[in-house]
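Reader: I'm new to this one, so could you walk me through its pockets and its ring contacts?

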Amino acid sequence: MTLEQIKNILPTLDNVEFQLENGTFVPEHFHVTEIGMVSKNFIDCGGTIRKEEKVNFQLWNAEDDEHRLKPGKLLHIIQLSEEKLGIRNSEIDVEYQDTTIGKYDLEFNGKHFILKNKKTACLAQDSCGIPQEKEKLSLKELGHKTSQCAPNSGCC
């Protein structure tokens with residue numbers, strides 16, 4: 001999800017709710033403690049230099065159980081970050097403390113923002129010798145497609 005997408009969704013909501021992929025909700029009294037632009041310059045294992053920019057949201061749970069972040073307030077924080085920091089429209093990464101600080105992609109299911117688990121990946125699979133994923137076929141399908149032999153004919 002991009003910053004523009006979240007800005008378009010927020011005015012349509014009564015509450016801001018974040019949910020993990022496992023169905024657990026971020027407690028209602030969370031805070032958005034940071035919004036920033038994060039740049040990552042790196043080289044992949046194939047030697048290609050890459051640059052990635054993301055908007056970063058950090059969610060934090062405080063002990064103030066009465067706190068509720070309303071959509072208008074989050075929109076205001078986003079607008080301040082654009083104005084003061086020059087943040088541009090980019091994909092959003094979310095940091096949230098579970099057993100450790102987790103990084104998540106963000107999606108919207110029509111009602112809640114979903115924190116999608118991130119996965120590592122090799123960006124240079126052709127340089128690393130990682131084979132392309134092969135099409136999986138069942139033996140039953142394979143037999144019908146390639147079998148030209150009759151049972152007991154001696155050709156197999």
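Author: About 160 Å³ of space lies in the second largest pocket, where a pocket is an open set of 1 Å grid points that fit a 1.4 Å probe, with protein on both sides within 12 Å along at least five of seven lines, and its volume is the space filled by probe spheres set on those points. This is a predicted model, in which local features need pLDDT of at least 70 and side-chain atom pairs pLDDT 80 or more, while totals for chains, interfaces and linings use all residues. Residues are numbered from 1 along each chain, and side-chain values use heavy atoms, without hydrogens or water.

Reader: Which residues line the second largest pocket?

Author: The lining includes Phe18, Phe25, Phe30, Arg68 and Lys70, a lining residue being one with an atom within 4 Å of a point.

Reader: And how much space lies in the largest pocket?

Author: The largest pocket holds about 480 Å³, and among its 17 lining residues Lys40, Glu52, Lys103, Lys118 and Lys119 lie nearest the centre.

Reader: Switching to rings, how many aromatic pairs are there?

Author: The structure holds 3 aromatic pairs, meaning rings with centres within 6.5 Å, called stacked under 30 degrees, edge-to-face over 60 and tilted otherwise. Phe18 and Phe30 form an edge-to-face pair, 5.3 Å centre to centre with 85 degrees between the planes.

Reader: Are Phe18 and Phe30 buried or exposed?

Author: Phe18 is buried at 1% relative accessibility, and Phe30 is likewise buried at 1%, where buried means under 20%, exposed over 50% and partly exposed in between, with a 1.4 Å probe.

Reader: What about Phe108 and Phe113?

Author: Their ring centres are 4.9 Å apart and their planes at 50 degrees, so the pair of Phe108 and Phe113 is tilted. Phe108 is partly exposed at 25%, whereas Phe113 is buried at 0%.

Terms used. Rings of Phe, Tyr and Trp (its six-membered ring) pair if their centres lie within 6.5 Å; planes under 30 degrees apart count as stacked, over 60 as edge-to-face and the rest as tilted.
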